[in-house]
Amino acid sequence: MLIDERNRLVTQTGSGTPTGELLRRYWIPFLLSEEVAENGGPPVRVTLLSEHLLAFRDSEGRLGLIEQFCAHRRVSLWFGRNEEGGIRCPYHGWKFDVTGKCLEIPSEPPDSTFCDEVGLTAYPCVERGGIIWAYMGPPAEQPPPPAFEWTTVPADQRFHSKRLEECNYLQALEGGIDSSHVAFLHSGELRSDPLHHGSKGSDYHLSDLTPKFEIKESPGGLNIGVRRNAGDEKYYWRITPWIMPWYTIVPPYGDNPLHGHAWVPIDDENCFAWTFSYHPSRPLNELELGVMHDGGSLHVQLMPGTFRPKANKDNDYLMDRAAQKAGTSFSGVKGIALQDASLQESMGPVQDRARENLVMTDKAIFMARRRLHDAARDLEKGERPPGLEEGAQAVRSASFELPREIAFDEAPDEPMKVKKGVAHTSI
Ligand code: FES
Ligand SMILES: [Fe+2]
């Protein structure tokens with residue numbers, strides 16, 4: 001249970017709020033590269049942490065993320081012309097570059113210097129792993145570029161997607177930390193999804209519904225260990241890293257790809273749920289790519305031209321009561337991602353955490369909330385947030401068997417550490 005003041009603190013992300021300032025210290029994934037594929041191509045409206053922005057790739061290929069509204073009379077620059085070296089407002093022709101600098105005010109006399117006095121807020125961008133990331137914090141505090149493994153593997157080893165989720169980022173993120181729902185909500189998919197079923201891990205998973213949780217603090221967040229019995233002498237472990245501020249990596253099954261997630265606030269009542277699928281040591285095969293392109297596995301089918309899922313709250317997520325009754329689907333909603341989204345959105349735009357009743361299996365959620373809360377408060381005192389360094393980001397999820405007397409974080413060969421080009425540890 002979280003009292004109102006603490007709930008507000010960790011769910012409000014606008015500029016000037018403690019958590020909003022914390023989130024602005026990280027590189028934020030906000031566009032797929034393909035959304036601004038072309039130099040001088042169409043700009044894209046972006047709302048990020050409640051700020052209304054415009055992304056574009058200029059004629060030189062430089063990426064810009066600038067305030068969306070023209071410095072003159074505040075029309076949306078989405079209508080602008082992406083010209084040589086900048087974007088020109090279609091109303092009276094003022095022109096701005098990717099840094100927000102005003103390049104030209106055509107109506108001013110030639111000797112006017114007014115152009116130098118006006119400009120737009122702009123945030124630096126980097127492109128890594130087919131994703132465009134922005135940094136919205138103080139320039140002097142800009143961290144090194146993102147180093148998650150899905151940003152470093154070759155292009156044929158990855159597939160990324162994003163979808164709109166119509167709720168606060170935190171309750172969506174908490175779903176990624178909450179490993180105890182998997183054997184219930186997603187039990188149908190553990191049996192049937194081609195990228196999940198048939199591994200030793202999914203058999204262990206389905207045969208033990210009372211797993212034990214062990215959570216350890218890590219430099220960048222938490223390692224959430226879940227153990228199940230694997231015969232009389234071993235445990236089967238599944239480890240989910242949570243990396244500040246909103247990343248999780250789903251523990252793998254067999255040789256299937258890994259999947260990272262991020263839940264990035266659009267505003268306080270909507271977020272983008274990202275899924276980063278990748279294999280550390282081989283290209284994704286035809287079956288895997290086919291399933292992912294089709295909106296299977298952890299991806300979803302989207303309404304054409306949008307990032308809103310086809311199954312959404314307006315059509316009750318295409319709930320199938322017959323499948324629910326027959327038990328082929330535990331919830332009746334199809335697909336892992338939409339099973340999660342349907343329930344997280346059902347909590348309302350911002351979950352009322354004063355009315356919940358947490359149990360032992362919610363320990364990781366409790367610890368993650370506290371870590372976010374403390375990091376926001378510590379930042380106010382000038383402390384650098386955790387999770388900004390490569391060492392905190394270059395980690396993996398893992399699943400393995402281990403003799404019962406060995407702690408999961410003492411497993412041989414550091415299964416949670418990224419080893420470039422070497423397959424992940426998974427059964
Ligand atoms: S409003 Fe943009 S140039 Fe006038
Ligand atoms: Fe889930």
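In the predicted model, Trp 27 stands opposite Tyr 135 of strand β11. This pair belongs to the antiparallel contact between strand β1 (residues 27-32) and β11, which extends over five bridges. Strand β10 (residues 125-128) also runs antiparallel to β11 and is joined to it by four bridges; here Cys 125 stands opposite Ala 134. β10 and β11 form a hairpin with two residues between them, and Gly 129 in the turn has a positive phi of about 65 degrees. Five of the five residues of β11 (residues 131-135) are buried, so the strand is largely enclosed by the rest of the structure. Ile 131, Trp 133 and Tyr 135 point one way from β11, whereas Ile 132 and Ala 134 point the other way. Residues on both faces of the strand are buried.

An open sheet of four strands has the order β2-β3-β4-β9, and its pairing is antiparallel. The edges are taken by β2 (44-48) and β9 (122-123); each has a single partner strand, so one side of each is left without a neighbour in the sheet. β2 is joined to strand β3 (residues 51-57) by five bridges, and the two run antiparallel. Within this pairing, Arg 45 has Leu 54 of β3 as its bridge partner. The hairpin of β2 and β3 has two residues between the strands, and Leu 49 takes a positive phi near 50 degrees there. β3 also pairs with β4 in the antiparallel sense, over five bridges, with Gly 64 in β4 as the bridge partner of Phe 56. In the hairpin of β3 and β4 there are five residues between the strands, and Gly 61 takes a positive phi near 90 degrees. β3 is mostly covered, with six of its seven residues buried.

Another open sheet is formed by four strands in the order β5-β6-β7-β8, with antiparallel pairing. β5 and β8 (102-104) stand at its edges; because each has a single partner strand, one side of each is left without a neighbour in the sheet. Three bridges connect β5 to strand β6 (residues 86-88) in the antiparallel sense, and Asn 82 stands opposite Ile 87 in β6.

The iron ion (ligand 2) is coordinated by NE2 of His 181, NE2 of His 186 and OD atoms of Asp 340, at 2.1 to 2.4 Å. Along the chain, the donors follow the spacing H-x4-H-x153-D. The site links distant parts of the chain: His 181 lies in the loop between α4 (169-177) and α5 (182-185), while Asp 340 is in helix α10, 159 residues apart. His 181 and Asp 340 are both buried.

Met 244 and Pro 245 are joined by a cis peptide bond, with omega about -5 degrees. Pro 245 lies in the loop between β15 (234-243) and β16 (247-250). Arg 74, although not a glycine, has a positive phi of about 65 degrees. This arginine is found in the loop between β4 (63-67) and β5 (81-83); its relative accessible area is 46%, so Arg 74 is partly exposed. Leu 318, also a residue other than glycine, has a positive phi near 50 degrees. Leu 318 is located in the loop between α8 (286-293) and α9. With a relative accessible area of 55%, Leu 318 is exposed.

On the surface, Phe 184, Leu 209 and Phe 330 form a nonpolar patch, with about 290 Å² of accessible area together. Phe 330 is found in the loop between α9 (321-326) and α10 (336-346). The relative accessibility of Phe 330 is 47%, so this residue counts as partly exposed.

Notes. Residues numbered from 1 in each chain as written. Chains lettered and ligands numbered in written order. Predicted model: local features only at pLDDT ≥ 70, side-chain atom pairs only at ≥ 80, totals over all residues. Heavy atoms only, no water. Patch = residues over 30% accessible without salt bridge, like charges linked within 9 Å, V, L, I, M, F, W, Y side chains within 5 Å. Areas by Shrake-Rupley, 256 points an atom, 1.4 Å probe, with all protein chains shown as cover. Salt bridge = Lys/Arg side-chain N within 4 Å of Asp/Glu carboxyl O. Buried < 20%, exposed > 50% of the residue type's maximum accessible area, 1.4 Å probe, protein only. Donors = N, O, S within 2.8 Å, 3.2 Å for Na, K, Ca; no water. Pairing = 2+ DSSP bridges.
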